[in-house]
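Subject: Structure handover

Hello,

Here is the structure you are taking over. Please open it first, then read my notes below.

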Amino acid sequence: MSEQFRDVSPEDAELQPILAGLFDEYAARYDDYFSRHAEVELTEWYLPPQGLFIALERDGAIIATGAYKPYDAQTAEIKRIWTDKTLRQQGLAARVVQELERRARLAGYRHIYLTTGFRQPEAVKLYLSQGYTPQFDPGRDPEEYARPPFDGRLRFTKTLLHAALRQTA
């Protein structure tokens, strides 16, 4: 069993069924609350040097994906974390997040920002386990974040430690 990360474009034909499935999952959880067309997405945001879209492959088949795009000059925003439904709870999403962090650090980013939806407790658990700081109260009923003044997005941040900083600590 051989696994490897591969850089891809979000427009690659092989990703289209995966991305469609990801948005179908969102629709099943949220109906139209987070519509696929609610936010503008440009392919170039996800291409090096400022962005990245990766696929984790096992024996040539895509089993997980993730991406980052620039949020600001020092911050990458993680997006499109997905794992094949039949392979969840095996740490694949954590590996994708860790690879995105590594690559963002190499690209010069110092911080990570991300959002997940209020009906994705498994994503909240993932980001907390990876050292992300919630910008909301995780003890609160997540459904409350779907009502004004909130927009349904649960925000997280993380500072990326660079090798030089770790050596002096």
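Which residues are buried in H1? Keep in mind that this is a predicted model. The buried residues in H1 are Ile18, Leu19, Leu22, Phe23, Glu25, Tyr26 and Tyr30. They lie on the same side of the helix, because the arc they cover around the axis is only 145°. In general, an α-helix has 3.6 residues a turn, so residues three or four places apart point the same way. Look on the other side of H1 and you find Pro17, Asp24 and Ala28, which are exposed.

What covers the buried residues of H1? The cover includes strands S2 (52-58), S3 (61-72), S4 (75-83) and S5 (111-117).

As for its length, H1 runs over residues 16-30, 15 residues in number. From first C-alpha to last it reaches 21 Å. That is close to the 21 Å expected at 1.5 Å a residue. After H1 comes Asp31, with a positive phi near 60°.

**The sheet**

The sheet is open and has 7 strands. Their order is S1-S2-S3-S4-S5-S7-S6, with mixed pairing. Strand S1 (3-7) and S6 are the edge strands, and each of them pairs on one side only. S6 is joined to strand S7 (residues 153-159) by 2 bridges, and the two run antiparallel. Pro134 stands opposite Phe156 in S7.

Now go to Glu101. It sits in helix H2, which spans residues 92-106. Is Glu101 buried or exposed? Its relative accessible area is 7%, and buried means under 20%, so Glu101 is buried. Which residues does Glu101 contact, leaving aside neighbours within four places in sequence? They are Ile112, Gln130, Tyr132, Lys158 and Leu160.

**Confidence**

The chain has a mean pLDDT of 91. Of its residues, 92% reach 70 or more. Among the elements, strand S6 (residues 133-134) has the highest mean pLDDT, at 98. Helix H4 (residues 163-168) has the lowest, at 49. Over residues 164-169 the pLDDT is below 50. Beyond near neighbours in sequence, that stretch has 2 contacts in the model.

Over to you.

Best wishes

Notes:
Residues numbered from 1 in each chain as written. Predicted model: local features only at pLDDT ≥ 70, side-chain atom pairs only at ≥ 80, totals over all residues. Heavy atoms only, no water. Helix = DSSP H or I, 4+ residues; strand = E, 2+ residues; numbered from the N terminus. Buried < 20%, exposed > 50% of the residue type's maximum accessible area, 1.4 Å probe, protein only. Contact = heavy atoms within 4.5 Å. pLDDT = per-residue confidence, 0-100. Pairing = 2+ DSSP bridges. Expected span 1.5 Å × (residues − 1). Arc of directions from axis to C-beta.
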